[in-house]
Amino acid sequence: MTAGLKRVLALAAMFALASAVVVAGPTHRAQAEDYPGQAEIDEARKAASDLAAGIDELDNAIAALADARDKATANALSAGEDYIQAQEASDAAEDTLKAANKRAREAEKELAEARENLASVAQAAYRDSGSMSQIGAVVGSETVDEVIARSEAFARGSDEADMWVQRVKAAELVASTMRSYADDAAAEAADAAAEAKAKYAEAQDAQAHAEEAVAVANETRADAVTRLAELRGVTIALEEQRQAGLEAERQAAAQAEAERKQREAEAAAAAEEEQSRPRPTSTPKPTATKTSTPKPTATKTSTPKPTATKTSEPEQTSEPETTTTSTPKPTTTSTPKPEQPGTSWNSTAAQGKKAAEFSQTLIGSEYLLGGSGPKYDCSGVTSVSWMEAGQWITRSSRTQYQATTHLSYSQIREGDLVFYATDTSDPSTIYHVAIYIGNGMVMEAVNYSKPAGVRGLYAWMSSNMMPFIGRP
């Protein structure tokens, strides 16, 4: 019992340290609640330290430790996703730098050619007995501005030489601009690379804390199971079976809750789509205007009052102002539309099936943060699988969610992507993606502690599943 208590206290201390490290870091996820659960650890510590703790308290403590393990894993995955996005930004900045350097080289080449042509014109003018003083002004100058200044001193000048002078001047401007752009791109690329490096260090730190948290939590759980077996007068093996049953019940309840939320999201999306159709119902309104047709007859009787009708015209100009104030309202109601199920996508069912089949050839692959073969992370599995099916998708789970068509779980088919987030209403908190392979199963790569493999759709962190799937 003393050893178990020591392990619980060590776990609590580790979580406190992890929270302090993260809060001090630059990441936007630097919040204590994003790290595995201090509340769960406190509960387990109380149960383990209280000799009078009963069966229910210990059962609850074991459940709390399971939640703490999930939170630790989710936090590490979230930090890893931050790194993947930073690396994507670094790669994009590097591509921009390469393009900028290429344009700068091309501009400098065009400048050199323009100068050569200008020199050729000057030499031709000399051969044709042109003005030597003007040739000297053109050839002997170091810069275009000096060429122009000297050329203006002479009354005679070649039109062709003037043309090339202007071309050289323009080429110098372009070359200078492109080189400045390349220098800026180099600075941005360096900053992006440094950011990616920092995010990688944070991801590695979060992963190390998660692995330690899981290990200590498992040890604490083992102590709690042993104590429960003693309290209930059964073997440890029988108590483990009972705990497995309790865990299955918790997973079933979590699955039912996740499915309920998914149905609600689908129903809400359908209702909102239905609300966008009532516009045709406004057609009977013209019939009401038809009933108002006798009013013009009243205006005919009021013909001697044209001045009154003129005074009412400025009031009509104020009426459009009221209509304009009502126009922004549709924009506010349209904000949730990005989370509505889509109606079109780029891939075929055959491609989805091929992506799902290929993903299963990766079963057993080792994990590597940012890996796209032969070691993989979660978005590496999904991107490579869809690439094999002939459909390119982005590299990170967050950008994959943004780039795919969102559909209800009732429409799920092979190849569709399932996303997980710390806040299912905020796609920017997505930290994991898996690929659906049919028969209620998904294929995924989670972390370094286990190879890529297959599990049930709702067998892990079902409460963190995004309300819609993504179809490339």
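Which ring does the charged end of Arg471 sit over? Keep that in mind for the first close-up; everything below comes from a predicted model.

**View 1. A charge over a ring.**
Here's the reply: the charged end of Arg471 sits over the ring of Trp345. From that charged end to the centre of the ring is 4.6 Å.

**View 2. Tyr401 and Phe419, an edge-to-face pair.**
The structure holds 4 aromatic pairs, and here we look at one of them, Tyr401 with Phe419. Their ring centres are 5.0 Å apart and the planes make an angle of 85°, an edge-to-face arrangement. Tyr401 belongs to helix α14 (residues 397-403) and Phe419 to strand β2 (residues 417-421), so this pair ties together parts that are 18 residues apart in sequence. Are these two residues buried or exposed? Both Tyr401 and Phe419 are buried.

**View 3. Tyr420 and Trp460, a tilted pair.**
Now for another aromatic pair: Tyr420 and Trp460 have ring centres 5.9 Å apart. Their planes meet at 50°, so this pair counts as tilted. Why does Tyr420 count as buried? Its relative accessibility is 0%, and buried means under 20%. Trp460, at 14% relative accessibility, counts as buried too.

**View 4. Helix α13 under cover.**
What does the covering? Just after α13 comes Gly390, with a positive phi of about 90°.

Side chains of opposite charge can pair when their charged atoms come close. In this model the count comes to 17 salt bridges. One of them joins Lys199 and Glu202, with 3.8 Å from N to O. Lys199 and Glu202 are 3 residues apart in helix α6 (residues 159-232), so about one helical turn separates them. Lys199 is buried, with a relative accessible area of 8%. Over in helix α7 (residues 236-275), Arg260 and Glu257 are also 3 residues apart, about one turn of the helix. The closest N and O atoms of the Arg260 and Glu257 salt bridge are 2.4 Å apart. Arg260 counts as partly exposed at 31% relative accessibility, and Glu257 counts as partly exposed at 32%.

Lys353 and Glu414 form a salt bridge whose closest N and O atoms are 3.9 Å apart. Lys353 lies in helix α12 and Glu414 in the loop between β1 (405-407) and β2, so the pair ties together parts that are 61 residues apart in sequence. Lys353 is partly exposed, with a relative accessible area of 39%; Glu414 is partly exposed as well, at 27% relative accessibility. Which residues do salt bridges with shared partners join into one network? They are Asp59, Arg232, Glu239 and Arg242.

Notes
Residues are numbered from 1 along each chain as its sequence is written. This is a predicted model: local features need pLDDT of at least 70, side-chain atom pairs count only at pLDDT 80 or more; totals for chains, interfaces and linings use all residues. Side-chain values use heavy atoms; hydrogens and water are left out. Rings of Phe, Tyr and Trp (its six-membered ring) pair if their centres lie within 6.5 Å; planes under 30 degrees apart count as stacked, over 60 as edge-to-face and the rest as tilted. Helices (H or I, at least four residues) and strands (E, at least two) are DSSP runs, numbered from the N terminus. Buried means under 20% relative accessible area, exposed over 50%, partly exposed in between (1.4 Å probe, protein chains only). A charge sits over a ring if NZ of Lys or CZ of Arg is within 6 Å of the ring centre and within 35 degrees of the ring normal. A salt bridge is a side-chain nitrogen of Lys or Arg within 4 Å of a carboxyl oxygen of Asp or Glu.
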